[in-house]
Amino acid sequence: MSDSSKPTLKGIPVVDTELRQSKYDPPDSPSSVGYTSPQRMQVADENDPLRLECGIDFFPINVEYETYGALSANKDNAILITHALSGDAHAAGWSDEADRTKRPWRSDRPGWWDSMIGPGKPFDTDRYFIICSNVMGSCYGTTGPASTDPKTGKPYGLSFPVVTVNDWVRVQERLVTRLGIEKLVTVCGGSLGGQQAIEWAILYPERVQSVIVLAATPHLMAQGVAFNYAGRHAITSDPNFNNGDYYGQNEPDKGLSVARMIGHITYLSDVSMTSKFGRRFQTSDSRGFNLDTEYQVESYLRHQGESFAKRFDSNAYLYITRAMDYYDASEHGDGDLIKALAPTLCDWMVVSFSSDWLYPPSGSEQLVRALTRTHKAVTYVALESPYGHDGFLLETERLMDIIPSFLSTLELRGKTKRSA
Amino acid sequence: MLDTKENPEPPIRSKPRPVAELEQVGLEADASDIAGGGSPAPIVRWDHELIQKIVTPGATVLDLGCGRGSLLAALRDNKRVIPQGVEVDTDKVAKCMQKGVPVLQLNLDDGILDFFPDRSFDFVILEKTLQTVTRPEQVLREMLRVGRVGVVSFPNFGHWRIREHIRTKGTMPVTPSLPHEWYNTPNIRMLTVLDFELFCERNKVEIVERYSFADGEYGPMEEDDNFNAEEALYVLRRPAASNGR
């Protein structure tokens, strides 16, 4: 399959994703934002706690975020990028303190959406001020289960409250407001990040001119909830889990690695796996009659699982997947999605990826249908893609085409907007 | 916004105009817009010009199979309409987006019109698309549910040149305006002007206006246009008496 001829399956050409990922813009490239460093802001304290959806008034909340480009004098060129399950605030450029922040994996690759953010890129830092912040409950700088609980002086662990997409977005709103920004040009994210974009449109209709929802649906389907449960179960069954109180000891890395393997399967597709691995063996040409890691696909998953366990916190995985399960945009309309979306005022762009079975196109179309039935301004792009859910990170060529088109014509569309 | 009852007279009674004049209007010669377009294809979008005359200023317009969005962009710029496009092809969708035309990438064959509520558009346009859909009756019914007025154009397979081709050569014709072979044409519903009239009758659709195009000129349809018209355009509505489904 790795012959010189490009593999195609079901007529869709499959590009080697590793090859694509090797095409990074170095920090001195004119299209890179260069070296970046994270910033911190406290957005909730004793006097101004955040009432979480679960009912708890929570503080302190510190947010790690990065910004790229310059905020205009009128503060009207800001874009918020929202990350997915395992993402962080480091969306573009090269971390200049990968060692100090004990995030060595950042030294050999740029931010997770570097292909899309930078001078002359779709999220053009010559024009826009780009913000990306880490979500609450994660392990990359924003307050989460691995943070120290000031009351006990120890990590929260499982005493950390169950946080939701709604909570995340309200934390982001505090950050954006404190940066002096009244209205965002767009909120854009994929997967769980796309659900944050939906939530922004519903919670703050006056404060978003547009939202871009990639590979995300109004809620996760039962199948997705099931995979998340299996992943969490792997973590909590690890002998090192110790009810979440494992910090400073052996961590439940085996469980986390299994959870990541399960997750990874849901991000790929039948087509992309067949193309990438087929039934090829890793080292030999035939069966070894043992139960070790023999197939390439096994070796790949194992690598993904192990490297993820080195860079992610098990408790954070539990909390974030729970937020993923819980999200349902229709709750704002008592189960009626049309009602939930009724207050939104922004221009929408929804993009689905044909082979995505975690957040399938049919789910994106549910969102689009709820919008069109009430005359909301919406653009829907159904991309043919072999990459499964990962399409939103890999189909950069297509996104590089449509995202700038969408953003540069916002004013034009705004003039002929229907009064719903 | 639009009540065709108040406009019993069709808005257009222009004499057929020569091609050269049409080109001066600045119509985009976007050959690949045409359903199943390839090259060569008709240069003049006579139906674009006509539709721009039919559509009332400020109307809401849904274009099913909107191609690269050039009609909707022209209607927006010249008639201040509120446009909405539907197109299945990714490259064409990208072109719509460049023009700032709101577009939904959906397949008409998936019965997608439930995306829109009843009577939610003043005009629904089906420009050289009817002959490409799997279920024309469903599309016709749905377009007149969603829109107050429907505009349908299609190539007339009853044109004398096509008849002549089949009679003399015995094969399906390949012409500049129908550049495909039978096995790769997107035109899977080959209909004539007369077929369409019967189709409307059968589906209880009221024909408000009829136009035809032949030899680079267009005008109100004439008696023998089942034989002479290369393309036809109809303005339709559902009779008031049969508002129910």
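Colleague: Leaving aside neighbours within four places in sequence, which residues is A:Asp390 in contact with?
Modeller: This is a predicted model. A:Asp390 lies in the loop between β18 and α11 of chain A. Beyond its neighbours within four places in sequence, its contacts are A:Tyr267 and A:Leu268.

Colleague: How far from A:Asp390 is the nearest side chain of opposite charge?
Modeller: A:Asp390 is buried and has no salt bridge. A salt bridge needs the charged atoms within 4 Å. The nearest side chain of opposite charge belongs to A:Arg260, and the distance is 7.2 Å.

Colleague: Over which ring does the charged end of A:Arg260 sit?
Modeller: The charged end is 4.1 Å from the ring centre. That ring belongs to a cluster linked by ring pairs, with A:Trp105 and A:Tyr140 among the members. The ring under A:Arg260 is that of A:Phe308.

Colleague: Is strand β8 of chain B largely enclosed or open?
Modeller: On one side, B:Glu231, B:Leu233, B:Val235 and B:Arg237 are buried. On the other, B:Ala232, B:Tyr234 and B:Leu236 are buried too. Seven of the seven residues are buried, so the strand is largely enclosed.

Colleague: How many bridges join β6 of chain B to β8(B)?
Modeller: The two strands pair in the antiparallel sense. B:Arg210 stands opposite B:Tyr234 in β8(B). The number of bridges is seven.

Colleague: Why is the pair of A:Tyr156 and A:Phe160 edge-to-face?
Modeller: A:Tyr156 counts as buried at 8% relative accessibility, and A:Phe160 at 2%. Their ring centres are 5.2 Å apart. Planes over 60 degrees apart count as edge-to-face. The pair is edge-to-face because its planes stand at 75°.

How values were computed:
Residues numbered from 1 in each chain as written. Chains lettered and ligands numbered in written order. Predicted model: local features only at pLDDT ≥ 70, side-chain atom pairs only at ≥ 80, totals over all residues. Heavy atoms only, no water. Helix = DSSP H or I, 4+ residues; strand = E, 2+ residues; numbered from the N terminus. Buried < 20%, exposed > 50% of the residue type's maximum accessible area, 1.4 Å probe, protein only. Lys, Arg positive; Asp, Glu negative; His and termini not counted. Contact = heavy atoms within 4.5 Å. Pairing = 2+ DSSP bridges. Phe/Tyr/Trp six-rings, centres within 6.5 Å; stacked < 30°, edge-to-face > 60°. Lys NZ or Arg CZ within 6 Å of the ring centre and 35° of its normal.
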